[in-house]
Amino acid sequence: MSALQDRVCLITGGAGSIGRAVAKLFADEGAQLVLSDLAESALATARAEIGSHRAVTVAGDVTRAEDAARMVETAISAFGRLDVVVSNAGNFGTVAPIGEYPEEVFDAVYKVHVKGAFLLAQAAVPRMTDGGSIVIMSSVAGTRGDPGVYGYITAKHAQVGLMRCLAKELAPRRIRVNTLHPGPVANSFQGAVEADLSGIIGRDGTEFFNEMIPLGRHAEPAEIARSALYLASDQSSFTTGTTLMVDGGMSA
């Protein structure tokens with residue numbers, strides 16, 4: 001039997017490259033999908049790319065409690081249950097010295113990654129099937145510090161604290177909660193980060209990151225998806241409250 005046969009999985013940030021890769025793999029493993037992102041047009045493209053008749057979409061903003069509730073209700077209405085939540089919505093912000101880092105950018109990044117994950121869990125947990133799984137997409141940035149990355153790194157660390165609280169609370173219901181920590185991924189999100197970085201450090205940002213990664217390259221979105229599948233499925237039946245690194249050794 002497939003690893004997620006007939007499980008209902010809600011994926012936020014579902015129109016991005018990692019969200020699409022996770023959705024495609026989950027669909028291949030038998031899941032029924034609810035994909036959420038900010039724009040319905042991007043979701044329609046993602047759904048077409050996945051090619052699964054078992055997927056529905058719902059546009060919404062994870063930083064709004066009513067939108068998070070609507071995402072969960074879409075899963076219940078469409079499929080009658082909710083087994084897996086992948087909290088994947090994200091933004092980066094900027095890189096700047098502490099005296100110049102814009103307060104509004106810090107707030108916007110923290111709001112998406114931390115408040116968004118909190119609101120999604122708050123809406124989802126009461127409706128989830130016992131024995132399910134919550135996967136919060138953090139980052140290698142959630143385990144390290146780098147100058148100037150104040151919004152993103154702070155938010156990614158905070159997601160780990162949220163995960164640990166949830167893991168303890170939900171263990172009696174056998175709902176596992178873990179964070180997944182990719183290193184640099186070969187996608188447009190990372191490409192934009194590296195383009196900005198190139199101007200700041202005066203050298204190629206992609207090469208800069210590759211030199212920091214012991215495996216010497218960026219991950220492909222499909223590689224991150226395979227780790228998400230492990231955490232979402234019964235393969236990780238005794239894994240909760242943990243930080244799974246998928247960073248090519250960058251955090252070693």
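F106 is partly exposed in this predicted model, with a relative accessibility of 27%. On that scale, buried means under 20% relative accessible area, exposed means over 50%, and partly exposed is whatever falls in between, using a 1.4 Å probe and protein chains only. A few ground rules: residues are numbered from 1 along each chain as its sequence is written, and side-chain values use heavy atoms, with hydrogens and water left out. Because this is a predicted model, local features need pLDDT of at least 70 and side-chain atom pairs count only at pLDDT 80 or more, while totals for chains, interfaces and linings use all residues.

## Aromatic rings

A pair of aromatic rings is described by the distance of the centres and the angle of the planes. Here, rings of Phe, Tyr and Trp (its six-membered ring) pair if their centres lie within 6.5 Å; planes under 30 degrees apart count as stacked, over 60 as edge-to-face, and the rest as tilted. That rule gives six aromatic pairs. One of them is F106 with Y110, a stacked pair with 6.1 Å from centre to centre and 10 degrees between the planes. Both residues sit in helix α4 (residues 103-124), four residues apart, or about one turn of the helix. For the labels, helices (H or I, at least four residues) and strands (E, at least two) are DSSP runs, numbered from the N terminus.

A second pair is F208 with F209: the ring centres are 5.7 Å apart and the planes make 75 degrees, so this one is edge-to-face.

D6, in the segment before β1, has phi near 65 degrees, a positive value in a residue other than glycine. R174, likewise not a glycine, has a positive phi near 60 degrees, and R174 is placed in the loop between α5 and β6.

| Residue | Relative accessible area | Class |
|---|---|---|
| Y110 | 32% | partly exposed |
| F208 | 26% | partly exposed |
| F209 | 14% | buried |
| D6 | 40% | partly exposed |
| R174 | 56% | exposed |

## The sheet

Now for the strands. Seven of them form an open sheet in the order β3-β2-β1-β4-β5-β6-β7, with parallel pairing; two strands pair if DSSP finds at least two bridges between them. At the edges stand β3 (55-59) and β7 (243-246), each with a single partner strand, so one side of each has no neighbour in the sheet. From one strand to the next, the twist averages 20 degrees.

Strand β1 (residues 8-12) runs parallel to strand β2 (residues 32-37), and five bridges join the two. Across that pairing, L10 stands opposite V34 in β2. Helix α1 (residues 17-28) packs on the sheet and touches β1, β2, β4 and β5, with its direction at about 170 degrees to that of β1. Contact means heavy atoms within 4.5 Å.

In a regular strand the side chains alternate between the two faces of the sheet. Which way do the residues of β5 point? S133, V135 and M137 go one way, I134 and I136 go the other, and all are buried.

On one flank, strand β4 (residues 84-87) runs parallel to β5 through four bridges, and V85 stands opposite I134. The chain gets from β4 to β5 through α4 in a right-handed β-α-β crossover. Right-handed means that, with the strands pointing away from the viewer, the path from the first strand over the helix to the second runs clockwise.

Strand β6 (residues 176-182) is also parallel to β5, joined by five bridges, with V177 as the bridge partner of I134. The crossover from β5 to β6 goes through helix α5 (residues 150-170) and is right-handed.

## Helices α6 and α7

Last stop: helix α6 (residues 188-201) and helix α7 (residues 205-212), whose axes come within 7 Å and cross at roughly 100 degrees. Axes are lines fitted to C-alpha atoms, for helices over the stretch in contact, and angles run from 0 to 180 degrees between N-to-C directions. The two helices are therefore roughly perpendicular; under 35 degrees counts as roughly parallel, over 145 as roughly antiparallel, 65 to 115 as roughly perpendicular and the rest as oblique. At the meeting point, Q190, E194, L197, S198 and I201 of α6 face G205, T206, F208 and F209 of α7.
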